[in-house]
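Subject: Handover of a structure

Dear colleague,

Please find below the structure that I am passing on to you. The notes after it set out what was found.

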Amino acid sequence: MAFHSSAAPIPLAPPPGPGAFRRAHRPAGASRAGAPGRGLAAHSPPSPDVVVTREQGKNAKLVAALEKHNVRSLELPLIQHVEGPDADRLSAVLRDEHFDWITVTSPEAAAVFLEGWKAAGSPKVRIAVVGAGTARTFDEVLQSNDGSLEVAFSPSKALGKVLASELPRTSETACKVLYPASAKAGHEIQNGLSARGFEVTRLNTYSTVPVHDVDPQILKLALSAPVVAVASPSALRAWLNLMSRVDNWSSSVACIGETTASAAKKLGLESVYYPATPGLEGWVESILEALGAHKQSSKPQSVGDEHG
């Protein structure tokens, strides 16, 4: 857990090694989520501008991008990834069956898929990804492999429903798709592809669980931030669960994309910001927009404003 200031940033903890989240039920290297760092123990830092909530080790790029705009970030991981019910089946399915497409919709799904793919002997596969962040997860393998893995398609907009509507058919007969997914993911992709005649096999290879044990000092500091940044409906629900313990929380939520923003609105939140195209750059702009709106609303009204 770390507080980040553009003046004196404190490095984030290094990300866990490959597959670490599949075995752990709390972030690697942390005995308790939210345990304050030395900086918090030594002095009381200024209130953060934004709370960043991705799992441990995955907030560094967002924090660095925000620091360029002199935005202070407080890292408060709200979710952890754990092994899903179908994780052990993935390598066997890849060995025994041929698929025209593998659809991968998040960096986490990509990391788990790569473990199973390597365990299966690295069979030849063609990947369809959602989002540039997901695609980058395959970069190292693409640079070193013999062509057995190909990232061959990305939809015009980084949304699962757009992938389902745009994924090319490879033949007029049955087109088989493997969809390794979070157990908590919705059904837009398989329903959309099935409606177009694809034969979809979904494997719930991982899942997300909320972080429950948050240090009270960190939570108090988080409550002072005008914006919380969330990258998934799971993180959003974890945040709202924490907020159920306090009164009168009314800050803004900056979502990574439309899917999380839609979940926020369905849960009754009103001050919701998100980019038209999911991704880090748009997410940063949405956070800055939320902060700008907060600063504007915090300005004292003039006499003319009060009576006009």
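Three aromatic pairs turn up when the whole structure is searched; rings of Phe, Tyr and Trp (its six-membered ring) pair if their centres lie within 6.5 Å, and planes under 30 degrees apart count as stacked, over 60 as edge-to-face and the rest as tilted. One of the pairs is formed by Trp-101 and Phe-153, edge-to-face, with 6.2 Å centre to centre and 65° between the planes. Trp-101 belongs to strand β5 (residues 101-104) and Phe-153 to strand β7 (residues 149-153), so the pair ties together parts that are 52 residues apart in sequence. Helices (H or I, at least four residues) and strands (E, at least two) are DSSP runs, numbered from the N terminus. Both Trp-101 and Phe-153 are buried, where buried means under 20% relative accessible area, exposed over 50% and partly exposed in between (1.4 Å probe, protein chains only).

Please note that the model is predicted: local features need pLDDT of at least 70 and side-chain atom pairs count only at pLDDT 80 or more, while totals for chains, interfaces and linings use all residues. Residues are numbered from 1 along each chain as its sequence is written, and side-chain values use heavy atoms, with hydrogens and water left out.

A charge sits over a ring if NZ of Lys or CZ of Arg is within 6 Å of the ring centre and within 35 degrees of the ring normal. Lys-176 likewise lies over the face of Phe-99, at 5.2 Å from the ring centre.

Glu-108, in helix α5 (residues 107-119), is buried, with a relative accessible area of 12%. Its side chain makes a polar contact with the side chain of Lys-58 at 3.2 Å (a pair of N or O atoms within 3.5 Å; within protein, one must be able to donate a hydrogen and the other to accept it, and residues adjacent in sequence count only if both atoms are side-chain atoms).

In helix α12 (residues 258-266), the residues Thr-260, Ala-261, Ala-263 and Ala-264 are buried. They cover an arc of only 160° around the axis, and therefore lie on the same side of α12; the arc is that of the directions from the helix axis to the C-beta atoms. The buried residues of α12 pack against β10 (227-230), α11, β11 and β12 (272-273), contact being heavy atoms within 4.5 Å.

With kind regards
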